Amino acid sequence: MKITVEEAKGLLVYMEQNAGILRNVGFELLGHGRELADKLSAELSALVITGADGDQLARQAIAGGADKVYLIEGPEYGRFHTDAYTYATVELINEYKPQAVLFGATVDGRDFAPRVAARLETGLCADCTGVGVDEKTNLVIWTRPTFGGNIMAQILCPDRRPQMGTVRPKTFKKPPPDSSRAGQVIKFSLSLPPSANRVEFVREELPEGVVCNLEEAEYIVAGGRGLGAPENFKLIEDLADAIGGVVGASRAAVDAGWIEHLHQVGQSGKTVGPKIYIACGISGAIQHLAGMNSSDTIIAINKDPDAPIFRVADYGIVGNLFEILPALTKEIKKARQK
Ligand code: FAD
């Protein structure tokens, strides 16, 4: 065992950056991490790994709730690279020995957090939908769906340190930044030894066609089985286009093969938190709600007045979506042209 229970102190949040911009998920984790750290009477730190502009990113992390920011900066860290980021994070954790580390369950986080955990000889609870504190033991409680989403497991890591997990984006709200906060920036100078880097970056090819960034979307229009056929997703796309939103879907629509899984919202899909979520022909099963009920405003369109979705909706429209959606899209387009 590398880091002992006795010596491990404080919480650490990994702040993911892309092209020099910190992603929201890091701030969401910092906001919730602040609450956890206060419960544990522990310090909350952030880890920023970047190619440049580190001081500016560190200030943003402090405004987001961090007491301390560990900054690893250098040209070799400009772009996410599994080997480089794993090496740097392991070195930093071995030096500062936090009791718990939170990563976003993003493509990058899911890629390198398990490697970090393996090298530190500790566990990792992947893809969590909740993080709390067990008051009896002061251990972090990691919550995640298991057995295909049929039960929510609560997982503790009593013997190894750090306790580690990846947490789905939008599980927690991003708190507003507080630029009056003060914090300490610790520069951790670390050059990457050639032996730690086994992969050469050749080029980046961005996917053509479907772009579906549901987790970061401010407006989502989602369709369910009530659409009746794949071609009717056109009604959803039209409304999404009119409001500058992204298309989501229920699992029933995905399982029917009407739309790709990357659009699925819910327990076995994505967790979202837009300003407005418009659910069309979606009944509101608990597994769907699990992925969208933290949206700021929920609007539901359903022909069944007793559909469970109306229990969580801020605004409900009882009616036939085939009449309501085209009318709504038309009015929104008209209003936007004015
Ligand atoms: P339905 O429940 O069939 O609802 C269709 C709705 O459309 C009805 O309320 C109906 O009144 C309405 N409707 C029909 N015609 C019209 C019309 N013309 N106009 C207006 N309204 C109309 N589900 C998810 O969504 N995401 C998940 O991640 C997810 N994970 C799951 C994990 C597990 C382990 C399990 C067991 C289930 C999971 N599910 C998930 C499935 C979930 O339980 C539901 O089966 C699913 O959400 C139902 O999708 P739906 O609301 O589109 O369909």
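Okay, thanks everyone. Before anything else, please keep in mind that what's on the screen is a predicted model.

Let's start with the sheet. It's an open one, made of five strands, and if you walk across it you go β14, β13, β15, β16, β17, with parallel pairing. The edges are β14, residues 246-249, and β17, residues 315-318, and each of those pairs on one side only. On average, neighbouring strands here are turned by 20 degrees against each other, ignoring direction.

Now zoom in on one pair. Strand β13, residues 219-223, runs parallel to β14, and four bridges join the two. If you want a landmark there, look for Gly223, which stands opposite Ala249 in β14.

So which helices pack on this sheet? One is α5, residues 233-243, which touches β13, β14 and β15. Its direction makes about 170 degrees with that of β13. Another is α9, residues 321-337, and this helix touches β15, β16 and β17. For α9 the angle is about 135 degrees, taken against β16.

While we're in this part of the model, have a look at Ile282. You'll find Ile282 in the loop between β15 and α7. Is Ile282 buried or exposed? Buried: the cut-off is under 20% relative accessible area, and Ile282 comes in at 3%, so it counts as buried. Setting aside residues within four places in sequence, Ile282 is in contact with Ala222, Gly223, Gly224, Ser250, Tyr277, His288, Asn302 and Ile309. So that glycine landmark, Gly223, turns up again in the contacts of Ile282.

As background, nonpolar side chains in soluble globular proteins tend to be buried together. Here the largest nonpolar core has 32 residues, and the ones touching the most other members are Leu11, Met15, Leu30, Val69, Trp142 and Val167. Helix α1 gives the most to this core, seven residues. Take Met15: beyond its close sequence neighbours, within four places, Met15 contacts Leu22, Gly26, Phe27, Leu30, Ala46, Leu47, Val48 and Ala61. There's also a second, separate core with 29 residues, including Ala8, Tyr70, Phe112 and Ala113.

Glu28 is at 3% relative accessibility, so it counts as buried. What does Glu28 touch? Not counting anything up to four places away in sequence, it's a run of residues: Pro169, Lys170, Thr171, Phe172, Lys173 and Lys174. Lys174 lies over the face of Phe27, at 5.1 Å from the ring centre. Then there's Arg79, whose charged end sits over the ring of Phe201, 4.0 Å from its centre.

Last stop, the aromatics. The model has nine aromatic pairs. One of them is Phe103 with Phe112, edge-to-face, 5.4 Å centre to centre and 90 degrees between the planes. Phe103 counts as buried because its relative accessibility is 0%, and Phe112 is buried at 0% too. Both belong to one aromatic cluster, along with Tyr14, Tyr77, Phe80 and Tyr85.

That's my tour, happy to take questions.

Key:
Residues are numbered from 1 along each chain as its sequence is written. This is a predicted model: local features need pLDDT of at least 70, side-chain atom pairs count only at pLDDT 80 or more; totals for chains, interfaces and linings use all residues. Side-chain values use heavy atoms; hydrogens and water are left out. Buried means under 20% relative accessible area, exposed over 50%, partly exposed in between (1.4 Å probe, protein chains only). Contact means heavy atoms within 4.5 Å. Rings of Phe, Tyr and Trp (its six-membered ring) pair if their centres lie within 6.5 Å; planes under 30 degrees apart count as stacked, over 60 as edge-to-face and the rest as tilted. A charge sits over a ring if NZ of Lys or CZ of Arg is within 6 Å of the ring centre and within 35 degrees of the ring normal. Two strands pair if DSSP finds at least two bridges between them. Axes are lines fitted to C-alpha atoms, for helices over the stretch in contact, and angles run from 0 to 180 degrees between N-to-C directions. A nonpolar core is a set of buried Ala, Val, Leu, Ile, Met, Phe, Trp, Tyr and Cys residues joined through side-chain atoms within 4.5 Å.
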